[in-house]
Amino acid sequence: MTDSTLPLHLEAADPATPQIRLAEIAAAHHELHPVIAGNPSCYPALIEWMLQLGTITPVMPAPAEVTPTAAVPCVAAPFEAAGATPRQAADAAASALANPYARPDQSSKRPPKKLLIWGSIGVIVLLVGGGGVWAYGAIFSKLGGASSPTAAVEKLLAGTADRDLISVYGSLSPAEVESFKVPIDQLGAIAMDDENGDPVDMPELINTVVDSLNITLTGIELEAEDVEDGIAVVTITAGELTMNGDAETIADAYLEVVGPQLRLQQESWGSDDRNTDSMIADLRESSIEELNDMLPFTQTAADLADTLGHDATIVTVREGGSWYVSPLLTTGENILQSGSHDSTRGNLVAADDAATFDTAAAAAEGFAEAVIAFGENGDYGDLAAVMPESERRFLSLYGDALMPTDGDGDFDNLQVTDFSVTPEVNGDTAHLDLDSIVIEGDGYNWPYRSEFSGVCVATDSGYSSFEGCLDDASWMKELGADSWQVLAVEEKSGWFVSPMRTVADVAGIAVGNLVRLSQDGKLDRLYQ
């Protein structure tokens, strides 16, 4: 459940919220999908997308409960536009929600598909005066994945060439990129001043740089190979990329962001203003010179293959019936291909072999036990089995390529001798307060003991010991290290500890504190 008093919740439920904004909220906050679905301003395609993701459930309301503006507002509108009475529209909308992909002849109350499409367009045009619906469609159509592995890669490359950040975002695996949406959004709230002390408009600055670039892709040829069910490796076999841009615009934008921080850094090192001015001027001149030497930059698929030592590959995954590019698996595949010839992909953990934990606390204990087992047997498959789906597939396929274990660990007889965590559950996520976790055993032929409590750790390996906390360093404390916690997430099969979401949550806290410091004009604390 989400807090209905939170500003974002209220915005998602407000009929006055523009549809383009509803699309943005839906893309970033899946937990608010039921709220958005109940908003009378919701657009029908948005309902269909959320249904495909499984974040809302199509339920047929009882006849007495059906109201055209509350029960199924997103899908009732097109039926009203098609000439139905409010009651007929509500009944037809309920039928559409129960089976949104039904053929027109499956329900006498559902109008033909063309009438539904044109009715939807008519209603939205009347609601927003035309302009907003096309902007909404332009954004939302880019978030829905692709029909095949090669189509997903083509979408990514086309978005890059068109400098269309929304299309690029929409081509990436939702299970992976969604974790980092909050910290990325928070970066836009950082208050920075330029060299003259005037506020920097970050979105405008980014747009200035993007507009100064010119990217073209020609002759792209792709080949796809299925490596597992729902996973395919796409190889770029031919094509050419050319990128050009204005060197001064790019260098000035870079210095507009980092210049003030460079000054703070130089001041902390005792440098005077004249030396700092000279250093920044030299940096600008050298940056422009290097960019002019590099641009225009052209690289063919063959050139890239020579540089990498193997053909350029992009890994795609199927999620919710559509194909997306997986940044995690693409990283793993390229590391694999760049390594020794002995390295091979692992095998995906079968769905039946994945762990199931009913609570966040059970997931935490199961994760700790799996880490201990991995320390003894070096089996990435067993460790992957206790992780969420996106991390499970990455670790099971590429764990051994990144850090080979030869099926053997470095520790023996490890046991959890004390385990106590307090989960704070909020919807499908839980922050885990580590009260006390003690692990004991033998490592490298020495007795071994580690105790974790909050953000502190104490280890004793028989010949050396260590005690420390993440917030011992003042700059780490400024970034909120004392409040960093392990994160668990709930998926369809149960709860899992998520290292990736933990990193994202930590990044969100750090960026949030960075925003606070920048808005208070106290970024210099990071250099003290």
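A strand here is a DSSP run of E, at least two residues long, numbered from the N terminus. The model shown is predicted.

**View 1. Glu-451 sits in strand 8.** Strand 8 covers residues 446-453, and Glu-451 is part of this strand. At 29% relative accessibility, Glu-451 counts as partly exposed. Ser-436, Ile-437 and Val-438 are among them. Cys-456, Val-457 and Ala-458 are also in contact with Glu-451. Phe-419 is 32 residues from Glu-451 in sequence, and their C-alpha atoms are 9.8 Å apart.

**View 2. Salt bridges link Glu-176, Glu-319 and Arg-393 in a network.** Glu-176 meets Arg-393 through their side chains, at 3.3 Å from N to O. Glu-176 belongs to helix 11 (residues 174-177) and Arg-393 to helix 20 (residues 389-402), so this pair ties together parts 217 residues apart in sequence. The side chain of Glu-319 also forms a salt bridge with Arg-393, at 2.7 Å from N to O. Glu-319 lies in strand 4 (residues 313-319) and Arg-393 in helix 20, so here the tied parts are 74 residues apart in sequence. Glu-176 is buried. Glu-319 is buried too, with a relative accessible area of 13%. Arg-393 has 6% relative accessibility and counts as buried, because the limit is under 20%.

**View 3. A salt bridge joins Glu-248 and Arg-284.** The closest N and O atoms of this pair are 3.8 Å apart. Glu-248 is in helix 14 (residues 247-268) and Arg-284 is in helix 15, so the bridge ties together parts 36 residues apart in sequence. Glu-248 is partly exposed, at a relative accessible area of 44%. Arg-284 is partly exposed as well, at 30%.

**View 4. Helix 15 has a buried face.** This helix runs over residues 273-294, which makes 22 residues. At 1.5 Å a residue it should span 32 Å, and its end C-alpha atoms are 31 Å apart, which agrees. Thr-276, Ile-280, Ser-287, Ile-288 and Leu-291 are its buried residues.

**View 5. Ile-335, Leu-402 and Met-403 make a nonpolar surface patch.** Ile-335 is placed in helix 17, residues 327-338. With 39% relative accessibility, Ile-335 counts as partly exposed.

Notes:
Residues numbered from 1 in each chain as written. Predicted model: local features only at pLDDT ≥ 70, side-chain atom pairs only at ≥ 80, totals over all residues. Heavy atoms only, no water. Patch = residues over 30% accessible without salt bridge, like charges linked within 9 Å, V, L, I, M, F, W, Y side chains within 5 Å. Areas by Shrake-Rupley, 256 points an atom, 1.4 Å probe, with all protein chains shown as cover. Salt bridge = Lys/Arg side-chain N within 4 Å of Asp/Glu carboxyl O. Helix = DSSP H or I, 4+ residues; strand = E, 2+ residues; numbered from the N terminus. Buried < 20%, exposed > 50% of the residue type's maximum accessible area, 1.4 Å probe, protein only. Expected span 1.5 Å × (residues − 1). Arc of directions from axis to C-beta. Contact = heavy atoms within 4.5 Å. Lists of a residue's contacts leave out its neighbours within four places in sequence.
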